[in-house]
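Open the model in your viewer, with both the sequence panel and the selection tool at hand.

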There are 2 protein chains.
Amino acid sequence: MEVVYAVRMSAAMRRKGQAAHRGRLDKRQAILAAAFEVFARRGYAQAGVDEVAAEAGVAKATVYNHFGDKETLLREAIAASAEEATAKNLAAVERLVDTGGDPRELLEDVGFRLIQCYCDEQSWALRRLLYAELAHLPDLLEIVQVHASARVQQALADRLARLALAGRLRISDPDSAVEQLSALLTGPLEARAAWGTRRLSAAEMRQVATAAVGTFLHAFGSRA
Amino acid sequence: MEVVYAVRMSAAMRRKGQAAHRGRLDKRQAILAAAFEVFARRGYAQAGVDEVAAEAGVAKATVYNHFGDKETLLREAIAASAEEATAKNLAAVERLVDTGGDPRELLEDVGFRLIQCYCDEQSWALRRLLYAELAHLPDLLEIVQVHASARVQQALADRLARLALAGRLRISDPDSAVEQLSALLTGPLEARAAWGTRRLSAAEMRQVATAAVGTFLHAFGSRA
DNA sequence: AAAAAGTTAGACTCATCAGTCTGGTTTGAT
DNA sequence: ATCAAACCAGACTGATGAGTCTAACTTTTT
């Protein structure tokens, strides 16, 4: 069986600028996935490391070999999940390019996709975990904010700026416009999805997207 | 020392339609306040009942006499805090009356007050607690949503409807308008206040309020 | 083939903490 | 004045769970 070790490849990996880890990579990833799952389901304090190990199909000692302690495990699990979520968000934002069509349709499409990301089960779980342990581990916020949401906001602002430059929108401050747009997109979801405990239909997500874009275009549309 | 007992006044209180509780009311309230404080500071699982008792200046047995177990204590503490927060929010909404002046100024004033409520330390703590224990105790959400935020939204929708009827706003669906307005007011706060870990200046709150009302009036102002 | 690192199952330690109990004191009702 | 309920301090129980350890087994390196 072909197995990749991280530590033994550390020289090669460091050359690529990647961090070196202890243990086998496949185990590491299984543990991270299981940890996020269990922490999300039961909460950090209620979750047992034994439980995580069982769900990952791994011995408890292996978990400790990889991550040292429970808190580190939480951090890494959250960071990994945030990275995943960010990738999906960025993919949605990348569709925001001026193809000459109606900017309303374009924004509604991208808005809908962003809402889908936001309403992903894992995405809700991530925010819940983050919120829950914020008082406890304040540095978590910085990791996620700098490493995830700020990047998405930045990308979105860039795209809006280009649309504005092309005369499709009337925006003076792209950052402020993004702030308003994402508030309009995500704000209504909190209550409607009952903070992640209720599933939204695609129709309802579309409805939120069109309402958000409608209001946004009243304020920032070029024919406003 | 004059002390009010709930149980001994149960006949009188039932006549007034109020729930009867075990134990002395002053102790009960001290415990609730301390419990919220401690739960907010350390998280539900990390908080010890001994700690709550100490902070309330009360024996542990008294806590159990009043609330039976830790989970009930959390529920009641959250409910009490939500009730408090709701009262403040409703007071802000009540200022939304058409006095003949500029509706923009009016909305900005009320928006600013709502933002102040939202940014209150206790308010952030309440949302954190709620978010944290949501997976664990899903019924909490219903309590707070029905008993608190829905009431505020309802009141706000009523006021907006009156302004629309008076021709100061152009609103077809007040509920949808409230959804958008509160998204615009609160959405930007999450990131700016770093989910309650950073204090906002009054100036920054004002800025968010004017931006929100600006966008809102583009969409729903009578001269839009 | 031997060494080195990783993994495994499960036993084990040790601290923490919810909830109970006891025995005695304070407080308000009657 | 008397009684019952509420209170107190503090000891106690029992469960839970983080982190360690051992001894055998597997995989990769050399």
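Begin with α5 and α6 of chain B, which are roughly antiparallel to each other, where angles over 145 degrees count as roughly antiparallel, those under 35 as roughly parallel, 65 to 115 as roughly perpendicular and the rest as oblique. Select helix α5 (residues 70-93) and helix α6 (residues 103-118) of chain B, whose axes come within 9 Å and cross at roughly 170°; such axes are lines fitted to C-alpha atoms, for helices over the stretch in contact, and the angles run from 0 to 180 degrees between N-to-C directions. Helices (H or I, at least four residues) and strands (E, at least two) are DSSP runs, numbered from the N terminus. Now show side chains: B:K88, B:N89, B:A92 and B:V93 on α5(B) meet B:V110, B:R113, B:L114 and B:C117 on α6(B), contact meaning heavy atoms within 4.5 Å. By class, the residues of this contact are five nonpolar, one polar and two charged, with Ala, Val, Leu, Ile, Met, Phe, Trp, Tyr, Cys and Pro counted as nonpolar, Asp, Glu, Lys and Arg as charged, and the others, Gly among them, as polar.

Before going further, some conventions. This is a predicted model, in which local features need pLDDT of at least 70 and side-chain atom pairs count only at pLDDT 80 or more, while totals for chains, interfaces and linings use all residues. Residues are numbered from 1 along each chain as its sequence is written, chains are lettered from A and ligands numbered from 1 in the order in which they are written, and side-chain values use heavy atoms, with hydrogens and water left out.

Stay in chain B and select helix α3 (residues 49-56) with helix α4 (residues 60-67), whose axes come within 8 Å and cross at roughly 100°. These two helices, α3(B) and α4(B), are therefore roughly perpendicular to each other. The contact is made by B:V49, B:D50 and B:A53 on α3(B) and by B:K60, B:V63 and B:Y64 on α4(B); sorted by class, the contact has four nonpolar, no polar and two charged residues.

Next, select B:S123, which is found in helix α7 (residues 121-133) of chain B. With a relative accessibility of 11%, B:S123 counts as buried, a label given under 20% relative accessible area, against exposed over 50% and partly exposed in between (1.4 Å probe, protein chains only). Leaving aside neighbours within four places in sequence, B:S123 is in contact with B:C117 and B:Y118.

Turn to chain A as a whole. Chain A has 10 helices and zero strands, its C-alpha trace spans about 65 × 40 × 35 Å along the principal axes, and 47% of its 224 residues count as buried. Among contacts in chain A between residues at least 6 apart in sequence, 64% join residues at least 24 apart.

Within this chain, select A:L32, which is found in helix α2 (residues 25-42) and is buried, with a relative accessible area of 12%. The phi angle of A:A194 is near 50°, a positive value in a residue other than glycine, and A:A194 is buried, with a relative accessible area of 10%.

Now bring up the largest nonpolar core, which has 148 residues; a nonpolar core is a set of buried Ala, Val, Leu, Ile, Met, Phe, Trp, Tyr and Cys residues joined through side-chain atoms within 4.5 Å. The residues with the most contacts inside this core are A:L160, A:L169, A:F216, B:L107, B:L160, B:L169 and B:F216. Centre on A:L169, which touches residues including A:L107, A:L160, A:F216 and A:F220, not counting those up to four places away in sequence.

Finally, display both chains together. Chain A can be laid on chain B with an RMSD of 0.1 Å by a turn of 180° and a shift of 0.0 Å along the axis, the copies being superposed by least squares on the C-alpha atoms of residues with pLDDT of at least 70 in both. That is the relation of a two-fold axis. To find the axis from chain A, select A:A132, whose C-alpha is the nearest to it in that chain, at 2.0 Å. The same surface serves both copies, with 100% of the contact residues of chain A recurring in chain B.
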